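The following exercises concern one protein structure. Please examine the sequence and the model before working through each solution.

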Amino acid sequence: MKKLLGIVICVIMSLPLVAEDHVMAATRPAPQHATPSSLSLSLSEAQDYAVQQNRSLRNASLAVQQAYAQRWQTIAAMLPQLDGSYTYNNYCGYSATMSMGGASIEINMPNVGALGLTASMGLNGQAIVGVLLNNIAIDMQRLNYEIGEDELRANIKLSYASVLVLEDIVSLMDSSLINLQRVAEMTQRSVDVGAAEQTSADQIQVRVNTIKDNINSQKRNVSLALASLKVLLDVPAETEISLTTRLEELLTSDAVMQLLGEEYLKEKNLNYQLLQKNVELAEKNVHMAGWAYGPTVSLAYNYTNQQYYGEGGMRMTPPHLVQLSVRMPLWSSGKRAAGVVDKKIALEAARNTLAETTDNLDIQYQQLRYELQNAYESYLTQKTNLDVTRRVFESTTNKFNYGRNSNLELVNASNDVITAQSTYVQAVLTLVQANVELEKFLNN
């Protein structure tokens, strides 16, 4: 009982803090729905903008506020409740007759109004544990919000990088196209004066057309990537978006090395924290089921003021009444015992899940580091390959202009550039994906 009384005092002392938390959650400013016709965003600005506008995250934020409201309901149910009532009875002129010792006494039944006030409060162990359950529920809703926010930021980064790398490839292909068109024009002039065969000019023109098709395809891919980014940002399709962060800023060696060298603490992993809260929730559910055997203490005070409108009447209702009751469950045919067993089984399952996850986190961390390191090395290799193939293409083009290379060598060099560009795009996206996955795991 002393322990129970201490818990009650702690709950009551925390009421101002609870109320403050609830008010802060309820008065959080809602995001603006007006969208400008154009946006100029860096990567961090795009992530922040998406967090403010995303409807799923708004719902997650509302779930946190709802958990605060539910906790307050649970606490308020243990506090004094005050109810008021007013009752008016009209007996329509009826008089009651009482016989005493052979004599009859007629008693008037005047109209009467009764004002009543009732103050009551009840307390049991399940209600107190319910407050603790609400606290855990708030923490779990917060973690769900943070997990959703991390996922959204990761998707924004990947989509943002996709747009940048595709735009970069289009720029590189435009440069290659200009050089190849110049070669095609020179070759056609050579054909016109009889210095070269038409077959050479046709082959080069085929490569020009192929690069044009690739450029148009990549431009459509840029449009699709921008559309995907707009969906994540929750902006209309007609909104113009300008990306201010350069691709080189996203793929710095220092950032990758710093992430690879960061210390791993499983306690920072959001999924691990969520499973911990799930175990705490299961433990409190066991306590809740156990308190079904506990007593329920109720205290009530009732005040009644009767007013008779007419002569006569008997005041049978006392103006003040205090009630104290203790209800103790005695027998439920094993229902409460089965409830305790059920919650204990759920607790054991939650602990097993947490232990399994803990064992897997170390392996997952090593795998994510391995994937990021491989992706970074592949990115450096493909970037170098792209630079080399471009230089080879430019050198082959110059030699072809002076008649030192054949048109076949020029076509092959052009093919190598296109292949290197495609491989480079995939390497960049893989690197960004590996980067954001490790950042989410480390809760950065």
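**Exercise 1.** Is Lys157 buried or exposed, and why?

*Solution.* The model is a predicted one, in which local features need pLDDT of at least 70, side-chain atom pairs count only at pLDDT 80 or more, and totals for chains, interfaces and linings use all residues. Residues are numbered from 1 along each chain as its sequence is written, and side-chain values use heavy atoms, with hydrogens and water left out.

Step 1. Recall the classes: buried means under 20% relative accessible area, exposed over 50%, and partly exposed in between (1.4 Å probe, protein chains only).

Step 2. Lys157 has 12% relative accessibility, so Lys157 counts as buried.

**Exercise 2.** Locate Lys157 and describe its surroundings.

*Solution.* Step 1. Lys157 belongs to helix α5, which covers residues 125–192. Helices (H or I, at least four residues) and strands (E, at least two) are DSSP runs, numbered from the N terminus.

Step 2. Contact means heavy atoms within 4.5 Å. Neighbours within four places in sequence aside, the contacts of Lys157 are Leu43, Gln47, Val432, Asn435, Val436 and Glu439.

Step 3. One of these residues, Glu439, also forms a salt bridge with Lys157 (3.4 Å, N to O). Because Glu439 lies in helix α11 (residues 407–442) and Lys157 in helix α5, the pair ties together parts that are 282 residues apart in sequence. A salt bridge is a side-chain nitrogen of Lys or Arg within 4 Å of a carboxyl oxygen of Asp or Glu.

Step 4. Glu439 is partly exposed, at 25% relative accessible area, whereas Lys157 is buried.

**Exercise 3.** Describe the salt bridges Asp139–Arg142 and Arg153–Glu149.

*Solution.* Step 1. Asp139 and Arg142 meet at 4.0 Å, N to O. They are three residues apart in helix α5, and therefore separated by about one helical turn.

Step 2. In the pair of Arg153 and Glu149, the closest N and O atoms are 3.1 Å apart. These two residues are four residues apart in helix α5, again about one helical turn. Arg153 is partly exposed at 23%, while Glu149 is buried at 18%.

Step 3. A network of salt bridges links Asp139, Arg142, Lys277 and Glu280. The whole structure contains 14 salt bridges.

**Exercise 4.** Which strands each supply at least two residues of the nonpolar patch?

*Solution.* Step 1. The surface patch consists of Met121, Val297, Leu299, Tyr301, Val322, Leu324 and Val326.

Step 2. The strands are β7 (296–309) and β8 (320–327). Val297, for example, lies in β7 and is partly exposed, at 34% relative accessibility.

Notes:
Patch = residues over 30% accessible without salt bridge, like charges linked within 9 Å, V, L, I, M, F, W, Y side chains within 5 Å. Areas by Shrake-Rupley, 256 points an atom, 1.4 Å probe, with all protein chains shown as cover.
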